[in-house]
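Here is a short briefing to read alongside the sequence and the structure. Take a look at the fold first, and then we can walk through it together.

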Amino acid sequence: MPVFETHKGSSPIILGLPHTGTDMPPDVWERLNDNGKMLADTDWHIHDLYAGLLDDATPVRATFHRYVIDANRDPQGSSLYPGQNTTGLVPTTDFDGKPIWKEGQEPTEADIAHRLATFHAPYHAALSAEIARVKAIHGIAILYDCHSIRSDIPFLFAGTLPDFNIGTDMGRTCNLGIEAIAVDVTASAQGYTSVLNGRFKGGWTTREYGNPKTGVHAIQMELAQSTHLATEAPPFAYDAEKAGKLRIHLKDILTRMEDFALHANDMGRPS
């Protein structure tokens with residue numbers, strides 16, 4: 001199976017989709033324990049949720065599961081959130097802190113090196129190429145990284161997660177006007193909660209690519225899965241009614257960001 005899927009659009013918006021894939025090489029699958037085989041930490045249906053919201057956007061989607069290797073982690077293995085519970089480049093536990101590999105079958109350093117070359121690097125090569133292509137057309141590229149997570153995970157955070165979790169690494173990864181669009185739309189979305197740079201401040205992808213001085217802007221949107229799933233437990237079914245209401249706001253965000261990119265001046269300068 002291909003490591004990634006993409007569709008070249010003409011918009012300045014690129015949709016990063018690092019965690020919606022469920023493909024597993026057979027030899028990796030057989031090393032997972034029963035808990036790991038649930039694939040519970042998938043960003044379930046996120047590619048469907050965003051499909052068609054912006055006709056000319058460029059999606060870049062990893063098809064492999066994050067248990068193979070996490071496409072939104074530093075390839076050097078550095079923690080995104082030092083001192084806080086999180087999962088690594090190749091996770092050894094799920095988001096509840098429970099082991100996902102059979103005893104004695106945990107990934108080795110050689111496994112990690114192979115997966116970096118086979119999965120992680122090709123995905124990011126594709127993402128980098130699309131950013132460069134879009135920037136060559138418009139003089140600007142906006143990477144909107146699409147994520148979701150269960151709203152209650154005590155191992156990772158206390159309490160219930162807001163519905164919209166916007167991450168810009170404290171304003172460093174994008175023009176403040178882009179950040180303001182996400183904040184404005186989500187804050188005014190009736191029936192939803194939102195936060196800027198809360199528990200999720202933007203993953204490695206957002207921090208690696210976002211550089212406003214060069215005209216490349218990145219922002220992460222982490223959605224609580226309760227906003228678009230029937231239940232945050234197996235079978236993690238898509239709720240079309242919930243998703244339909246949510247898509248109105250997501251479309252508003254993307255449309256306004258695209259308009260901002262196409263019409264704003266001096267986008268390459270620091271905010």
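Let's begin in a loop: Met170 sits between strand 5 (164–167) and helix 4. Please keep in mind that this is a predicted model.

**Backbone details in the loops**

- Although Met170 is not a glycine, its phi is positive, at about 60°.
- You will find Asn197 in the loop that links strand 6 (194–196) to helix 5 (204–209).
- Asn197 has a relative accessibility of 11%, so it counts as buried.
- Pro234 and Pro235 are joined by a cis peptide bond, with omega at about 10°.
- Pro235 belongs to the loop between strand 7 and helix 6 (240–263).

**Overall build**

- How many helices and strands does the protein have? There are 6 helices and 7 strands.
- Read from the N terminus, their order is β-β-α-α-β-α-β-β-α-β-α-β-α.
- The protein is as compact as a globular protein of its length, because its radius of gyration is 18 Å and the globule rule gives 18 Å for 271 residues.
- Along the principal axes, the C-alpha atoms fill a box of roughly 55 × 40 × 35 Å.
- Of the contacts with a separation of 6 or more, 78% are between residues 24 or more positions apart.

**Surface and charge**

- Of the 271 residues, 53% are buried.
- The protein's accessible surface is about 11,400 Å², and carbon and sulfur atoms account for 54% of that surface.
- On the charge side, there are 34 negative and 23 positive side chains. The centres of these two sets lie 3 Å apart.

**The nonpolar cores**

- The largest nonpolar core holds 34 residues, and the members that touch the most others are Ile14, Phe64, Leu127 and Ile131.
- Two or more residues of this core come from each of strand 3 (58–62), helix 3 (109–138), strand 4 (141–149) and strand 7 (216–224).
- Which element gives the most to this core? Helix 3 does, with 8 residues.
- Setting aside neighbours within four places in sequence, Leu127 makes contact with Ile14, Val60, Leu143, Thr205 and Tyr209.
- There is also a second, separate core of 32 residues, with Cys174, Ile178, Leu246 and Ile253 among them.

**A closer look at Val185**

- Val185 is part of helix 4 (residues 176–187).
- Why does Val185 count as buried? Its relative accessibility is 2%, and buried means under 20%.
- Beyond residues up to four places away in sequence, Val185 touches His249, Asp252, Ile253 and Arg256.
- Val185 and Gly139 are 46 residues apart along the chain, and their C-alpha atoms are separated by 25 Å.

Key:
Residues are numbered from 1 along each chain as its sequence is written. This is a predicted model: local features need pLDDT of at least 70, side-chain atom pairs count only at pLDDT 80 or more; totals for chains, interfaces and linings use all residues. Side-chain values use heavy atoms; hydrogens and water are left out. A nonpolar core is a set of buried Ala, Val, Leu, Ile, Met, Phe, Trp, Tyr and Cys residues joined through side-chain atoms within 4.5 Å. Buried means under 20% relative accessible area, exposed over 50%, partly exposed in between (1.4 Å probe, protein chains only). Helices (H or I, at least four residues) and strands (E, at least two) are DSSP runs, numbered from the N terminus. Contact means heavy atoms within 4.5 Å. The radius of gyration is taken over C-alpha atoms; the globule rule is 2.2 Å times the number of residues to the power 0.38. Accessible areas come from the Shrake-Rupley method with a 1.4 Å probe; for residues, only the protein chains shown count as cover. Lys and Arg count as positive and Asp and Glu as negative; His and the chain ends are not counted. The place of a charge is taken as NZ of Lys, CZ of Arg, CG of Asp or CD of Glu.
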